[in-house]
Every structure is written in C-alpha cells, then in structure tokens.
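Me: I'd like to go through this one with you and ask where each label comes from. Could you set each value against its definition as we go?

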Number of protein chains: 2
Amino acid sequence: MNSSVRETAESCKRASRTLAVSSSERRSAAIRAAAELIEQNRSSLLAANAVDLDAANQMLASGEINAATFERLRLTDKKLAEMTRSMLAVAELPDPIGRVLQRTELDADLVLEKITCPLGVLAIIFEARPDAVTQISALGLKSANAVILKAGREVERTAHALVEIIRRALTRCGLPEDAVTLVAGRESIQQLLGMSDIVDMVIPRGSKQLVEFVQANTRIPVLGHAEGVCHIYVDAAADPDMALAIIDDSKTDYPAACNAAETVLVHEKIAETFLPRLAEHLSPKHVKVRGCEQTRAILADQPVEAVAQSEWQTEYSDLVLAVRVVKSMDDAIVHIHTHGSLHTETIVTQDTSAAERFLAEVDAAGVFHNASTRFADGYRYGFGAEVGISTSKLHARGPVGLEGLTTYKYVLRGTGQLAGSYQGPNAVPFTHKKLPID
Amino acid sequence: MNSSVRETAESCKRASRTLAVSSSERRSAAIRAAAELIEQNRSSLLAANAVDLDAANQMLASGEINAATFERLRLTDKKLAEMTRSMLAVAELPDPIGRVLQRTELDADLVLEKITCPLGVLAIIFEARPDAVTQISALGLKSANAVILKAGREVERTAHALVEIIRRALTRCGLPEDAVTLVAGRESIQQLLGMSDIVDMVIPRGSKQLVEFVQANTRIPVLGHAEGVCHIYVDAAADPDMALAIIDDSKTDYPAACNAAETVLVHEKIAETFLPRLAEHLSPKHVKVRGCEQTRAILADQPVEAVAQSEWQTEYSDLVLAVRVVKSMDDAIVHIHTHGSLHTETIVTQDTSAAERFLAEVDAAGVFHNASTRFADGYRYGFGAEVGISTSKLHARGPVGLEGLTTYKYVLRGTGQLAGSYQGPNAVPFTHKKLPID
C-alpha cells in the first residue's frame, strides 16, 4: 500500500478533530477567504487548467474522453465566478453543527441533549469537474468535515492548484490546512475505499460506472448521486393541458438530469385522446416517443418504436420518452414500484383523493401532485446547497443538503448519577421530561 | 436458490405496501391482539418450546451451545408475561409514521412536506431468544414495517409457534398476515442478505460473530447491535468518591452489556491516591484490574496483570477492568479515539470547563459528564422501546428507538407548476417560506 495516501488520510483525520471543535465563524471565514484567493489567482488557475486541457486534447483525440467531458473540464472566467459565488452562498448558510435536536430531563440534574456534529472525514472521488473541488470543500468546511479529494487524472493539475489555494485560506484563518487534502493516482481509490477506520463517508461524483464501482467496493457508507428513473402518471381525471406542460418540462428542461422524467403512464380511459396530443406536443421538441403495444396501436400513424422490457428501467438521459397505457392507478403504482428507482414520481390529476392515495402509496424519495419532477432538487426545495440526491432510504433521502453531512451525538450531563439507582425494587423513577430546545 | 425463501420475501414485500398505508390504530390493535393470543396460548407455546429444549439439551451435551444460550432459549410463564407486557408498551407509543418533519411553501400553491414513512421490509436474523420474535414484530408493526424473521435452529419451533399466533392476530385485525414471516434453514441467511431489492434493513441479533458475518456479507444496510468499548476518564479535578461509584456502576451493574465500561483512564496527578482506593473498592466486587506499567507500579503490592496492547480494544463483557494512567485529558481523548468503539465515554470531574471540552471533542455516540456509562440505553433515554444501539454514524447513532425504523419522503403538492418557470431571465422567485408543522 502506498503509505503516502494512508499518511495523507491520517493527517486529514487529525485535522478533522480540530475542525469539529472550531467555530462556525472561523469555518465560514475560511470559505470566504478561499473564494477571494481564487478570484485573485485566476490567471494561475487558468494556466494550470490549460495544462490539463492540453493532455485532455490528446485523450479526446484517442477517444479516451468525450467532448462533453472535455467541456466540463474547461475552466473559464465565467465558471470561476460561478464557483466563488456558490462558495460564498454556502458560507452564508446557517451553521448545521451544534444544533440541539432534543433535550430531555432524565431526572433532576441529569439532562440529555441530542446535538448535531460532523461526520468526520469525507472522501470525494470525482471526474472532470473542477467545480467539485470548490463545492465539496465549501460544503465540507461549512459542516466541519475534513475532506480528502481524489481527482480524475484529466483534472489533476487544476484540482491541485485549487486545493493549494483552499489550504492557504485555511492556514490564514487559523485552521489546519490538512482539513482539505488531495490524493492522486488511480490506485489511491482502492486505498481510500479500504480505510473504513478513517473515512466516514464516500461521495462519488461522476459517471454511473464510477458510482457503481464505489458502491460495490467499500464498506464505508456511500452518498451516491442517484440514478433517476422518474415517472409521470397521467390519471383519468387529469387536466390534459397541465399534463402536457408537466411532461414537457420534466422531459425537456434538462434531459440529462436525474430528476428528468423517463416514463409516462397514461390511464386507458383518456389514452385515445391524450396520446395523439402528447405526440403532437413533443414532436417539435425532438422528443422520441417509445411505446407499449397499446400506445403504438393508438399512435399507429406515427413512427413509434416498441419499448423493450429492460427499457422500463432505463435512464435515457436524453430526449427519449417511454409511454405505457395502464388500466388503473394501481397498475401505475405497481409499474413504478417494479421499474422505478425510488427517486421522484408525479401524478397529474384533478381528483384530490386519487392524488392523496398516490402520494401515500408510492414509495419514493419524492412524490408529487401536479408538479414537474424537476422540482426534486436541493436548491428548489430551499436547502441552499445540495450535496447530491439520494435514492437510499437510510440517513438521507432525496435532495441532500448540509444536514446529510452531519450526524448527532447524545450529551448527558449529570452529578454522579448511577444507573443502578433507577432499577430494582427501590428504583428512582425517571422524569423523562421534554425540555425546550431554545 | 431456494425459491420458497424468495417467494416468502416477495409476499412480505407486498404486505409491506399494505402496512405502509394502514392506520396506526389498526397496527397497534394487531400488536395488542397478538399479545392477547399469546396469553391465551401459553400452554401450546410452552409445548413447542419444550421440543426445542429437548433438542437443545443434546446440543448442550455436545458443546454446540453453552448453558447461557440454553437458558435464553427457555420459555417460562414469567418470560411470556414479560414479552406480552413489552408488546403492549410498544403498542402505546406514539405513531412514528406520517409525522411532518418540515413544511415549506416553495411558491403560492406549491407546498413541500417532509414526512416520516416506514423503511419497508426488515430482515431479523437472531439466535436463541424467543423474545426477539415478539419484540421485533411489535416494533416492526408499530413502525409499519413488514418483517422477515430468520430464527436460529435451536429456537425454530418456538419461533414458528409465536409467528403463527402473530399472523392470526394480523388477519383478525384486517392486516396481511405476510407482514410477519418466518424463514428457516441456515442457507436462507445468505439468500436474505442477497435480496437488496426486497429487504430494506437487516438487524442481526446474537453473537458478535453473527453481527460481523452479516455486516461483511451484504450490501443491505445493517443495524448492528454494537460492540462497546466504553471508557471512564477520571480527571485531575474529579471527586474521587463519585468516580469510584460511577466506575463501580459502569462495570458491575451488568458487565455483559455493551454500555458497560471496559477501561478507566486516570489523570496522573491523582493516580497515586486514587488507584489504591479503586483497587480496594473493586476487590470485594470481584473485579479483576489489569493495568498499564504505571498502574502496576502504583499497585505494586497487588496482583495486577499487565494489559496487552490489543486488550485496549477488547470488550471484556466480564468483571475485568483495564486501567491506564494518562498525562492529560488530551492523552485520554487520543486513547479513546484510538481504541474506543465510538459508543459511550464518560468524564468524571468537578471542573466544568474541562468537562465541556471533553463533551465537545470526544467523537462518540454518547459523551457523558459525571454519569454512569450504563445510561446509554433507549429506555433510560426515554425512547420507550429500543431496537438496539448503533455505533454507526449514519442514519441512527446511539440507542435506536422506533425512529430508526423509519425514513422520510418529500411530498410536493402543486397546481401544474413547471421548473422552467423558476429559472432563466424571467424566473419567478421561490418564496421558500417555512410553514408551521402543526
């Protein structure tokens, strides 16, 4: 094992202890200082990025990376401005650490508090995007977590330059520079994934393949950017105009997003009239419709491909929409539970009781009535910043804000109480009185 | 693969859908009905248990199980009464499902709610204890989760008889009987651990070996009963009488518990006077002290064995206590972070600012000042019922009540809103107004 990755991780762990007891003001100041230094060092950052871009040009030529990756890699003045703007926004968010979630008097002079605290060390494994460095560092510092960044080879020089600046800002604000560290080399991924004694959470940022590789190769909890196979169920009692607008927005606003819709389920009662309107509406938007047998029969005069069975589980991330006619809302829910990714599911209907049943029965991170699936997003939900969207049910579900980077501990303040006094024939009773939390 | 285990799990998943939308009243009624039926069927339960005991007698003779396991297996009238009493207590707890955790107006007529909901299907793998069946079934039903029970071979007949009764109670209350299911056979463990598409959480109940096996062999989240290597730090400013009483209670009240203390760290300033008193105090309690070099030097006239390096990480689960002299509180904290299990750590001191620093800096599920480690317990914390104690930082940390068996979903109710309207040059602003949650 490369001892330097281990040593880097250990120094990051030590820094995390200092960070955990640092003040919110100091951590926010470090984020602001880093943003300022980035502004001041734009030219050297662009120069570092130029070296990465040169190498990436060759990878592009050899087909190792594609044009989209190349574009994500490129730093511009506009991108730098967006990065620092977003860091400053994180600095302004309320402190997620030290919040009292519960306060209970167990007995006189024996008070239990449940308070939020940082997870400790976050390992972020990312590809291509330089803004992952600034965003995760800002979110980490705000939540008092130290971070170990593992950048993809294609973005290594840029990441290194950014991390050096952030570390300078940490030192300037009296925080340990090892709170933000960078490790290099493909083999360091496996090493990080094996350090369950040091790393408290892994956040993979990149391709679906990367996320799946990380999930399959570690016992450390993974906060994965989710796959999204989101559905829109158009009920018999739907307002068809509203349904068209919601499908349009959910599919075309940003097809590559995980909260874009992949499948529309249409109640058979309105399929005959609704499907031709849907096809007509989507055609000028260049959305390709693929259909079940019944959909294809209704749209017989149009070039609608059949949906393969496996496709119902496919995240197209493209202007392609699968359409299925269902006999009932129950069938729609069974389809969603069978093929969905538990991400975000919408019902379009004017029938409130049908809507409420859908919202109650569907098991997903987001269940929406008469709204676009695209609202499933930390910014739109009002969280200020987003770490990612989770389709896991544990710890954090749906869009994850700073809260997802925290845990809690129970603090008990006593005056010498013994558990033995509260049991047996002469047991002192607990008071278990809820106290105000401020 | 044994298709019947898969089929059982699938029917349990279907039942979980019904349970998820059932009323709290109905689920609590089913728990009460099950308790009543257990009361009424005591003799047949004891008869089933007698068959298990007969077989267990042979396992005992062949050394396959030990006397403690045999005792845990034995059902008695008293144990049955305790089981039903505890079920009725769970039935009385507040409904953990459907609680609104957050309510936000995103815009006019676009309201987001974060509400608690069940995880879905819990798989419980347990050994010996018949009360695991009733306790987990009650906690599962209360939190609207379906449960798959995998009983150890030694308790299979008893578990089967109990599950049959609980299923009758479910039917009687209009709930699907498959909400509580039992699978048998050692090979079914591997099968359950592979069903990440069906099982939402695994709860191993039994030996440390069992818990570790489960953790190492599944990608399903595991709520493990924790290992506890808990410390008591006796500060230079400790009240020695209080320290003795707290150490005594933490060690001797129930040495096999995970919240029992294993190691005492004593500040060197008071070690010379405190350690002889500690040895004197513990000797009549049959607690064997093992010490670091300095401890052994101070207690030179006593038979104090040396602590092996690996022992600092050992959960003795017995009347054995490791003692170490430390130069400072910082050294004590480093020792705890190096060797502890992040379970529960206590400082004994009259110096409030030292105490507050310890509470802030120590990274553990429970950090206590002047109180016994034995308070780390769901009942003592006032949770009503306990699923277990978690030393994981994610999802649930410390004693876990019903809340640990829930997740949440985001419910968004709109009137046709599109994400596209809230972005770009003519973006409608979000209101992001916090609404009262009742």
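Me: Which residues of α6(B) are buried?

Reply: In this predicted model, the buried residues of α6(B) are Ala132(B), Val133(B), Thr134(B), Ile136(B), Ser137(B), Ala138(B), Leu139(B), Gly140(B), Leu141(B) and Lys142(B). Each counts as buried because its relative accessible area is under 20%.

Me: What makes α6(B) largely enclosed by the rest of the structure?

Reply: The count decides it: 10 of its 12 residues are buried, so α6(B) is largely enclosed.

Me: How do you know that the length of α6(B) agrees with what its residues should span?

Reply: The expected span is 1.5 Å times one less than the number of residues. For the 12 residues of α6(B), 131-142, that gives 16 Å, and the end C-alpha atoms are 16 Å apart, so the two agree. Just past the helix, Ala144(B) has a positive phi of about 65 degrees.

Me: Happy with that. Now to chain A: why are α3(A) and α7(A) called roughly antiparallel?

Reply: Helix α3 (residues 42-61) and helix α7 (residues 156-172) of chain A pack at about 155 degrees, with axes 7 Å apart. Angles over 145 degrees count as roughly antiparallel, and therefore α3(A) and α7(A) get that label.

Me: Which residues make the contact between α3(A) and α7(A)?

Reply: From α3(A) come Leu45(A), Ala48(A), Asn49(A), Val51(A) and Asp52(A); they meet Glu156(A), Arg157(A), Thr158(A), Ala161(A), Leu162(A) and Ile165(A) of α7(A). Sorted by class, this contact has 6 nonpolar, 2 polar and 3 charged residues.

Me: Which residues of α7(A) are buried?

Reply: Among them are Thr158(A), Ala161(A), Leu162(A) and Ile165(A), which also take part in the contact with α3(A). Others in the buried set include Val163(A), Ile166(A), Arg167(A) and Leu170(A).

Me: What makes the phi of His432(A) worth a remark?

Reply: Most residues other than glycine have a negative phi. His432(A) has a positive one, near 45 degrees, and sits in the loop between β16 (406-417) and β17 (433-434) of chain A.

Me: Why is His432(A) called partly exposed?

Reply: Its relative accessible area is 27%. Buried would need under 20% and exposed over 50%, so a value in between is partly exposed.

Me: Where is His395(B), and what is its phi?

Reply: His395(B) lies in the loop between β14 (388-390) and β15 (398-400) of chain B, and its phi is positive, near 70 degrees.

Me: How do you know that the two copies are related as by a two-fold rotation axis?

Reply: Chain A is laid on chain B by a turn of 180 degrees and a shift of 0.0 Å along the axis, with an RMSD of 0.0 Å. The copies are thus related as by a two-fold rotation axis. In chain A, the C-alpha nearest this axis belongs to His395(A), at 1.8 Å.

Me: And why say that the copies meet through the same surface?

Reply: Because 100% of the interface residues of chain A are also interface residues in chain B, the surface is the same.

Technical notes
Residues numbered from 1 in each chain as written. Chains lettered and ligands numbered in written order. Predicted model: local features only at pLDDT ≥ 70, side-chain atom pairs only at ≥ 80, totals over all residues. Heavy atoms only, no water. Least-squares fit on C-alpha atoms with pLDDT ≥ 70 in both. Contact = heavy atoms within 4.5 Å. Axes fitted to C-alpha atoms, helices over the stretch in contact; angles between N-to-C directions. Helix = DSSP H or I, 4+ residues; strand = E, 2+ residues; numbered from the N terminus. Parallel < 35°, antiparallel > 145°, perpendicular 65-115°, else oblique. Nonpolar A, V, L, I, M, F, W, Y, C, P; charged D, E, K, R; others polar. Buried < 20%, exposed > 50% of the residue type's maximum accessible area, 1.4 Å probe, protein only.
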